[in-house]
Amino acid sequence: MHFLLLCILSSTGIFIIFKTLDRVGIPSFPVIVINYLTATLLGFLVNAGEVSAESIRHAGWLPMSVIIGIMFILMFFLIAYSSRKAGISVTTVASKMSVVFPIIFSMVIDAGDRLTLMKMSAIAAALAGLLLTIYRPEKGKVDRAVVFIPLLLFVGMGVVDSLVKLAQHRYVMDADTALFSAILFFNAFLSGLLAMIFYRKDHRQFRRGVVWAWGLMLGTVNFGSIYFLVRTLNHTFPSGQGLDGSVVFGANNIGIVALSVLAGLLIFQEKLKAINWLGILLSALALLLFALV
């Protein structure tokens, strides 16, 4: 499906941009704020329906968009920090292996999305793969951020994806996807403006054209990552049958992990130990099982 492919490409772009920002020495905070403004504007541009304050205020998904928007910017800070400390491969796997959360949540809220032995095996393999991927044997003192930041990202992203699934399942129709995305990103943008109080040293960065350029690029792929995910979850075949949320999240994460790890190796020359390769392979196997159920 083209929506799923676009979601994979967009999500992978987020990790590549964060890693590149670190390489070129551009602070991530102003880029993150500009990114959410860009994603908000894209949502309103793509939205085909009429927009009014009254319709937004009475939308069932509005409270959830506020919560998700705030969590989005928190997770973006974690992704940026983890990409610098633990690397793009580890960060990608940690965030994408959080797929176990929305997969389980999908089966809880959707009676048609049933737990099977294969799904149980995939969840176990996913957790084992995560631990092996982020493992870093070191002599002497170990940077705890290399372990705890990816783990925190794992849990946080899992909660965010579960909330997106809940909003999509109960409230967001296909025609509402762009507007839902726009309001979600607008809430994240407002949170970013509030956070500027604590990032005063970066205020001057907003005057740089290159910072705005990176923010526009990040906002474009960030918008695509959520917009195309919801469109995929809402997709129905001509027969009227849709896709299980567990299958969508599994297939989506397979592609993201594969492309991001490949980017880490080819573009950024990241080096992984044998045990990390084992973890990545185990993670890929788990995600493949999710897609095959």
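Predicted model: local features only at pLDDT ≥ 70, side-chain atom pairs only at ≥ 80, totals over all residues.
**Entry 1: the cavity**

I began inside the protein and asked how many cavities of 30 Å³ or more there are. The count came to one. I noted a volume of about 280 Å³ for this largest cavity. Its lining has 20 residues, and Ser-11, Lys-96, Met-157, Asp-161 and Ser-225 lie nearest the centre. I then looked up which elements give two or more residues to this lining, and found H1, helix H4 (62-85), helix H8 (145-170), helix H10 (209-234) and H11. Sorting the lining of the largest cavity by class gave me 13 nonpolar, five polar and two charged residues.

Next I turned to the largest pocket, with a volume of about 160 Å³. I listed its lining as Pro-27, Ser-28, Phe-29, Phe-77, Ala-80, Tyr-81, Arg-84, Tyr-199, Lys-201 and Asp-202. Helix H2 (28-46) and H4 are the elements that supply two or more of these residues. Which element gives the largest share of the lining? I found that H4 does, with four residues. By class, I wrote down six nonpolar, one polar and three charged residues for the pocket lining.

**Entry 2: the surface**

On the outside I found a nonpolar patch formed by Leu-5, Leu-6, Leu-9, Leu-259, Leu-262, Leu-266 and Ile-267. Together they have about 620 Å² of accessible area. I saw that helix H1 (2-24) and helix H11 (245-266) each supply at least two residues of this patch. I picked out Leu-266, which lies in helix H11. Is Leu-266 buried or exposed? I noted it as exposed, because its relative accessible area is 57%, and over 50% counts as exposed.

**Entry 3: the salt bridges**

Last, I looked for charged pairs. Side chains of opposite charge can pair when their charged atoms come close. My search of the whole structure gave two salt bridges.

In one, the side chains of Glu-54 and Arg-57 meet at 2.1 Å, N to O. They are three residues apart in helix H3 (residues 53-57), so about one helical turn separates them. I noted Glu-54 as partly exposed, at 42% relative accessible area.

In the other, the closest N and O atoms of Asp-174 and Arg-231 are 2.8 Å apart. This pair links distant parts of the chain: I placed Asp-174 in the loop between H8 and helix H9 (177-195), and Arg-231 in helix H10, 57 residues apart. Asp-174 is partly exposed at 34% relative accessibility. Arg-231 has a relative accessible area of 18%, so I wrote it down as buried, the cut-off being under 20%.

Key. Residues numbered from 1 in each chain as written. Heavy atoms only, no water. Patch = residues over 30% accessible without salt bridge, like charges linked within 9 Å, V, L, I, M, F, W, Y side chains within 5 Å. Areas by Shrake-Rupley, 256 points an atom, 1.4 Å probe, with all protein chains shown as cover. Salt bridge = Lys/Arg side-chain N within 4 Å of Asp/Glu carboxyl O. Buried < 20%, exposed > 50% of the residue type's maximum accessible area, 1.4 Å probe, protein only. 1 Å grid on protein atoms, 1.4 Å probe; cavity = no way out; pocket = protein on both sides within 12 Å on 5 of 7 lines; lining within 4 Å. Points joined across faces, edges and corners; volume = space filled by probe spheres on them. Nonpolar A, V, L, I, M, F, W, Y, C, P; charged D, E, K, R; others polar.
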